[in-house]
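Please have the sequence and the model open while reading.

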Amino acid sequence: MFGLLHTHSLTFDGRDAEDGDAWSFRFHANAPLRWRAGQHGLLRLPGWAVKPFTLASAPEEASILIGTSLRSNSTYKQKLAALGEGDRVVLHGPLAHFTLDGAGADVVMLAQGIGITPFRSMLRHLALSGDPVSATLIHVGAGHAYRLDTEADATRAYYPCHAAQFHSTLAEVVRDHPQATYFIAGDGGFVKATATSLAKAGVERNHVRRDTYYGYTPAGSSVLGRQG
């Protein structure tokens, strides 16, 4: 709650197309900005339009990345896509506790579509900070945004395209990492179904952390069966 009281001026530097129907929007902070990998903020565009986004970059990186899809073509996304180099926006936050704090030395990251953004941040942070954490990633989707980064930074990484592939890979990973801390990020159906699968596999509830993307419909969701 108190994070909302913190506001930060950001300057837009440009955008880049990513795999999986995603775009990266690059900003730099006009004053020092501190956050923990995995946190999000509320991005306010000119005209007071506001939307929550995870910071896809690590705190150690110079650029601040916002990863999202423009497919909805909402009024907000149109304004975001129309940003020009040098335009200023405001970030409220950072917020939330979907971070590596207290997770231990073995973590498993389960992402659907654009739900990869907190894990891109966490994995970059681990790589740049040198923290001795074993990180396994499973990123399911019709495409895989940030794959070059996450594949390089994760200890092990898997990129299934269908629900069946995701669940078979997950079963193998759970067998190998029964005591890991599990992070789940994606739409509501994916998060709920994956948490249920982990519970059935014997993963303790206090070893599971969730980040639900409300209102998000991933590209290829019909192929993924809303489970991955």
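The model is predicted: local features need pLDDT of at least 70, side-chain atom pairs count only at pLDDT 80 or more, and totals for chains, interfaces and linings use all residues. Residues are numbered from 1 along each chain as its sequence is written, and side-chain values use heavy atoms, with hydrogens and water left out.

**Overall build**

- The protein chain holds 6 helices and 11 strands; these are DSSP runs (helices H or I of at least four residues, strands E of at least two), numbered from the N terminus.
- The chain is as compact as a globular protein of its length, because its radius of gyration of 17 Å is close to the 17 Å that the globule rule gives for 228 residues. The radius is taken over C-alpha atoms, and the rule is 2.2 Å times the number of residues to the power 0.38.
- The C-alpha trace spans about 50 × 35 × 30 Å along its principal axes.
- Of the 228 residues, 50% are buried; buried means under 20% relative accessible area, exposed over 50%, and partly exposed in between (1.4 Å probe, protein chains only).
- Taking contacts (heavy atoms within 4.5 Å) between residues at least 6 apart in sequence, 69% join residues at least 24 apart.
- The accessible surface is about 10600 Å², and 51% of it belongs to carbon and sulfur atoms. Areas come from the Shrake-Rupley method with a 1.4 Å probe, and for residues only the protein chains shown count as cover.

**Helix H5**

- Helix H5 has 13 residues (188–200) and should span 18 Å at 1.5 Å a residue, which agrees with the 18 Å between its end C-alpha atoms. The expected span is 1.5 Å times one less than the number of residues.
- At the start of H5, a side-chain oxygen of Asp187 comes to within 3.2 Å of the backbone nitrogen of Gly189.
- Phe190, Val191, Ala193, Thr194, Ala195 and Leu198 are the buried residues of H5.
- Their cover includes helix H4 (163–176) and the strands E7 (106–112), E8 (134–140), E10 (181–186) and E11 (208–212).

**Salt bridges**

- Side chains of opposite charge can pair when their charged atoms come close.
- The whole structure has 7 salt bridges, each a side-chain nitrogen of Lys or Arg within 4 Å of a carboxyl oxygen of Asp or Glu.
- Glu61 and Arg120 form one, with closest N and O atoms 2.5 Å apart. Glu61 is in the loop between strand E4 (50–54) and strand E5 (64–68) and Arg120 is in helix H2 (residues 117–129), so this pair ties together parts 59 residues apart in sequence.
- Arg120 also forms a salt bridge with Asp149, the closest N and O atoms being 3.1 Å apart. Asp149 belongs to helix H3 (residues 147–153) and Arg120 to helix H2, so parts 29 residues apart in sequence are tied together.
- Arg120 is buried at 5% relative accessible area, whereas Glu61 is partly exposed at 22% and Asp149 is partly exposed at 27%.
- Arg147 and Glu151 form a salt bridge with closest N and O atoms 3.4 Å apart. Both residues lie in helix H3, 4 residues apart, about one turn of the helix.
- Arg147 is partly exposed at 34% relative accessible area, and Glu151 is partly exposed at 40%.

Methods: Polar contact = N/O pair within 3.5 Å; in protein donor to acceptor, adjacent residues only side chain to side chain.
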